[in-house]
Amino acid sequence: MAAAAFAFYPHFSPRNPVARSKSRRTPIPFPGHRASYVGGRCTDIRAKCALQTGRFSFDVASEMQLKARGFMGMRKTKLVCTIGPACCSEEQLERLAMEGMNIARLNMCHSTREWHRNAIQAIRRLNEEKGFCISVMIDTAGSDFPMLDHGSASSIKTEDGSLWLFTTQKLEGYPFTIQVSAEGFSEGILVGDELVIDGGMATFEVVEKIENDLHCRCTNPGLLLPQAKLSFWRNGKLVTWNTTLHALKAKDWKDIDFGIAEGVDFISISFVNDASDIKHLKSYLSSRSVEFTGVLAKIESLKSLEHLQDIIEASDGIIIARGDLGVQVSLEEIPAIQLRITQLCRQLNKPVIVASQLLESMVEYPIPTRAEKVADVSEGVRQYADGLMLSGESAIGLFAEKALSVMKITSEQMELSSRRELCQSFIHQPLLAESSVGKIAEQICKSAVEMANNLGVDAIFVYTKRGQMASLLSRNRPNPPIFAFTDDAGARKAMTLLWGVFPLETHFSDDMESNFEEITRLLKVRGCLKLGDLILVVCDSDVGGFDVLPLFQSIQIRAIV
């Protein structure tokens, strides 16, 4: 059985021989290391020198936030920005990164692969040259719903009573004409049916049908975004098409191959129907690349709601695409569906992102409506979603950086105001693991979070190879931030999505005591730790992953002196 140690060291210091003798541990081997030991001390010169020379990657924006606001002021909700023509230059991307962007999303519905390649390379340069830790996500198109092309790269306005033609023909130069992507989109549609754009961004009434073309009158004016989706309603019910939905089409597989070649960190699948879509893609990825790529499922259809738990269990995370979901369900159902999904994701320990129209008014205006800022963004934070996503607000909006700033500030304020509620939440999560190894890990992380909250520690340090222990800590939503140290660059990028986790890449020696000494020394030098800070340390040394028994796991309390 694995050993779990619980210890308290009030006067930890390399110069304190008493504390050192109490805190010494048997060296723990990691795969790939061949270190030797003298008196229990690591003589792995490569790993030790790497730490001593400062080879230590900390996201520069997170480090600045820590220095300015302290541990308890660090934002735990992750921010996702969709990259588009409004924010694609290196200068704009850097400003978004400084404002707190954790994940850059590229929507493969738009632009060319060469454009996306340039954006990925620009983000990679920010990470390598400027010290950021921004993960890259590509979003497949996968849409079986008719999409609109109004010929403009930005949004266009509709006016009440205006007449529009919806057709599959490409008629350039004709005003008030919308090209629809799907052949047969008007099959079964009747005069008097309601045509809804993006779940309510604009609404039309069908006034005439000529062959496959629809002449419609605008009854609820609004914005038509590029590649907006449409649906038809009759007597308050969705009009469905007699088509077979496919989550991944030929173009999507080409985009996935592109993402593999470019080394993206996450791939999100649009219009997932059931778990088989996820499993298929995961199998494909494992056969094409040795690097881990997270697969996220977008929940945006009635079928995905019918198979929700299976989809969550099969995926590496969930995106609640409320805009497209609102195309298929009535708007008043969306809040309850969002809450249901976020709660189920927490129970199953899968990260969840709330997306679509969080600050939609900021596509055109420099400030959001109070309802958006106070109610919608704050509710996503209060539900403990791992992340919030900007879509059109950042991709094509006039105020991309300001929209991100509003979402960041609102998230920070809501987190602080709900701290007491947060401390009492998600401590009593059901056990997920079936093996004894997994159960041990879950119980250790649950106990660690309870100790951290009760003792009022400043931060949690977790040493993890693949990010599993960091994920389990995050699941329990601790009050202090989680600093996850790993020597795997891929694991670090994957952890950028986890609530409250700040991943840092460093080289491990096989002596966990030495790792803690060197990391705390570096953090003190950089002004990130000060005397008296109380740190809860979770150590996990696994050999070959969680399918075999860890040699050692521990919870320790360290006071910085």
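Reply: Let us start with the salt bridge: a side-chain nitrogen of Lys or Arg within 4 Å of a carboxyl oxygen of Asp or Glu. In this predicted model, local features need pLDDT of at least 70 and side-chain atom pairs count only at pLDDT 80 or more, while totals for chains, interfaces and linings use all residues. Residues are numbered from 1 along each chain as its sequence is written, and side-chain values use heavy atoms, with hydrogens and water left out.

Me: Where do Arg117 and Glu114 lie relative to each other in helix α5?

Reply: Helices (H or I, at least four residues) and strands (E, at least two) are DSSP runs, numbered from the N terminus. Arg117 and Glu114 are separated by about one helical turn, because they are 3 residues apart in helix α5.

Me: How many salt bridges does the structure hold?

Reply: The structure holds 26 salt bridges. In one of them, Asp139 pairs with Arg105, the closest N and O atoms being 2.8 Å apart. This pair links distant parts of the chain, since Asp139 is in strand β7 (residues 135-139) and Arg105 in strand β6 (residues 103-107), 34 residues apart. Both Asp139 and Arg105 are buried.

Me: Which parts does the salt bridge of Asp255 and Arg113 tie together?

Reply: The closest N and O atoms of Asp255 and Arg113 are 2.8 Å apart. Asp255 lies in helix α6 (residues 250-262) and Arg113 in helix α5 (residues 113-130), so the bridge ties together parts that are 142 residues apart in sequence. Asp255 counts as buried because its relative accessible area is 1%. Arg113, at 31% relative accessibility, counts as partly exposed.

Me: Which side chain does Glu415 join through a polar contact?

Reply: A polar contact is a pair of N or O atoms within 3.5 Å; within protein, one must be able to donate a hydrogen and the other to accept it, and residues adjacent in sequence count only if both atoms are side-chain atoms. The side chains of Glu415 and Thr77 are joined by such a contact of 2.6 Å. For contacts in general, the criterion is heavy atoms within 4.5 Å. Leaving aside neighbours within four places in sequence, Glu415 is in contact with Met74, Arg75, Lys76, Thr77 and Val381.

Me: Where does Met74 lie?

Reply: Met74 lies in the loop between α3 (60-69) and β5. Its relative accessible area is 1%, so Met74 is buried. Beyond neighbours within four places in sequence, its contacts include Ser62, Glu415 and Phe502.

Me: What is the place of Thr140?

Reply: Thr140 is in the loop between β7 and β8 (148-149). With 0% relative accessibility, Thr140 counts as buried. Apart from neighbours within four places in sequence, Thr140 is in contact with residues including Leu248, Asp252 and Ile256.

Me: Where is confidence lowest and highest in the chain?

Reply: The guide is pLDDT, the predictor's confidence in each residue, from 0 to 100. The chain averages 83, and 82% of the residues score at least 70. Confidence is lowest in strand β2 (residues 37-38), at a mean of 32, and highest in strand β5 (residues 78-82), at 98. Over residues 1-54 the pLDDT is below 50, although this stretch has 120 contacts in the model beyond near neighbours in sequence.

How values were computed: Buried < 20%, exposed > 50% of the residue type's maximum accessible area, 1.4 Å probe, protein only.
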